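Here are my notes on the salt bridges and the confidence of this model. Please read them with the structure open.

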Amino acid sequence: RSVLAFTPAEEAIAGEDPLARVVDALRRRWNALLARSRVTAPDVDLKSARQLDPSLGVEWQTQDALAALAAGDLERATQVARRASRIAASEGVLQGEYLANLVLARVRRATGMAHYAIRILDALARVVPAIWKPWVELEQTLAGATSAGLRNDAPPLWGVELDAYRSLLAVKGDVPPVASPFVFGTSNEIPFGLRDPPTDPLCLASVVAIPGERPRRVLRAGLNALPDVERISASSRSRRLHEALSVLLLAGEGCPRLSFFRAVYGFHREDAGHDELLRGLIHRMRRAHEHIGVESDRDFIRARVRDPVAVPDPRCERTLEDRILTFLAGRGGRATAKEVAKEMQVPLRTVQRALGVLVDNGSCEGEANGRKTVYVVDDTTFSEPTIHRLRGKWSE
């Protein structure tokens with residue numbers, strides 16, 4: 001109950017029997033995890049306690065997964081979280097299933113598989129008791145399924161992620177070191193697998209430039225709090241132009257023309273044809289927007305911002321395949337190609353080709369349903385605690 005309320009359990013568990021000692025050891029390990037302190041090795045006989053109460057074994061495994069995740073060992077965190085989920089399902093430990101699958105969703109998101117996390121969390125949100133809701137909603141927010149679970153009272157176990165997430169929504173203030181590469185453009189990877197539910201699929205993040213402030217990337221949701229910033233609309237036709245403006249704005253005082261060319265086109269400038277290509281791009285940039293001035297000489301290029309402006313950064317776009325997986329996950333993990341195309345407003349043929357790629361690489365499966373094919377995305381480890389299964393437990 002303390003963990004689910006995001007608070008440490010301070011009172012020791014009384015008793016000298018093996019079960020009481022294990023429970024108190026679990027309490028101490030939870031407190032260490034919540035504080036992001038070092039989780040010590042077990043000093044009790046876990047095996048015997050597991051035989052007395054299987055839920056304790058599940059809880060211990062989830063703690064090990066969280067400790068591995070906090071230490072950056074994603075491979076071990078995944079292995080242990082999957083094991084805990086399978087044990088909880090096979091033992092029929094319902095509360096253990098909630099806990100193990102919450103941790104599994106957290107690990108999946110951190111390893112870049114947010115669609116699996118969303119699928120698990122969506123299923124849990126429909127069945128867990130109220131005491132579990134805050135943790136579920138927090139993980140849904142971090143995975144990009146909702147924006148309703150952002151908290152100010154979460155302990156350090158989530159605090160690092162929440163600080164990073166908030167910095168991705170702000171145009172001013174300190175940026176945690178782990179978020180700095182994305183915010184200032186040296187990396188296109190968002191830390192911790194954090195996601196934002198964007199309203200525009202072509203604009204996951206924009207570069208916001210305000211006179212007198214260092215330009216920085218801001219997730220789409222953060223732009224809603226910037227009424228005085230002129231937003232440039234994302235467009236597939238203007239992808240190269242927006243990418244070039246983003247590179248130049250994030251460069252601050254500018255960058256050498258050779259470096260700029262490589263950053264935008266992905267290869268070195270080598271001949272007169274490339275010089276002509278760069279001159280044409282600079283000309284387009286100068287005409288692109290009245291709030292951005294572009295200065296260039298023989299060796300250097302820079303941008304001068306006259307008024308606050310937000311430029312969509314195409315380098316942060318989510319791929320169509322990723323958007324489809326996220327859509328499927330939020331729909332209970334199942335949909336037809338027509339349903340995907342209609343809801344995402346993408347041509348059916350394009351969706352069908354993308355689904356074919358996802359089936360080939362094992363990201364989803366196609367199941368025949370009469371004359372239709374239903375595409376399914378599911379974490380093979382996750383066993384959904386459905387209402388039907390719960391009724392079976394209650395009837396027993």
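1. The structure holds 22 salt bridges, a salt bridge being a side-chain nitrogen of Lys or Arg within 4 Å of a carboxyl oxygen of Asp or Glu. This is a predicted model: local features need pLDDT of at least 70, side-chain atom pairs count only at pLDDT 80 or more, and totals for chains, interfaces and linings use all residues. Residues are numbered from 1 along each chain as its sequence is written, and side-chain values use heavy atoms, with hydrogens and water left out.

2. Glu317 and Arg239 form a salt bridge at 2.8 Å, N to O. Glu317 sits in the loop between β7 and α14, Arg239 in helix α11, 78 residues apart. (Helices, H or I of at least four residues, and strands, E of at least two, are DSSP runs numbered from the N terminus.) Glu317 has a relative accessible area of 27% and is partly exposed; buried means under 20%, exposed over 50%, partly exposed in between (1.4 Å probe, protein chains only).

3. Arg304 and Glu253 also pair, at 3.4 Å, N to O. Glu253 is exposed, at 58% relative accessibility.

4. Asp313 forms a salt bridge with Arg315, with 2.9 Å between the closest N and O atoms. Asp313 is buried at 0% relative accessibility, while Arg315 is partly exposed at 22%.

5. The mean pLDDT of the chain is 86; pLDDT is the predictor's confidence in each residue, from 0 to 100. Confidence is lowest in helix α17, at a mean of 46.
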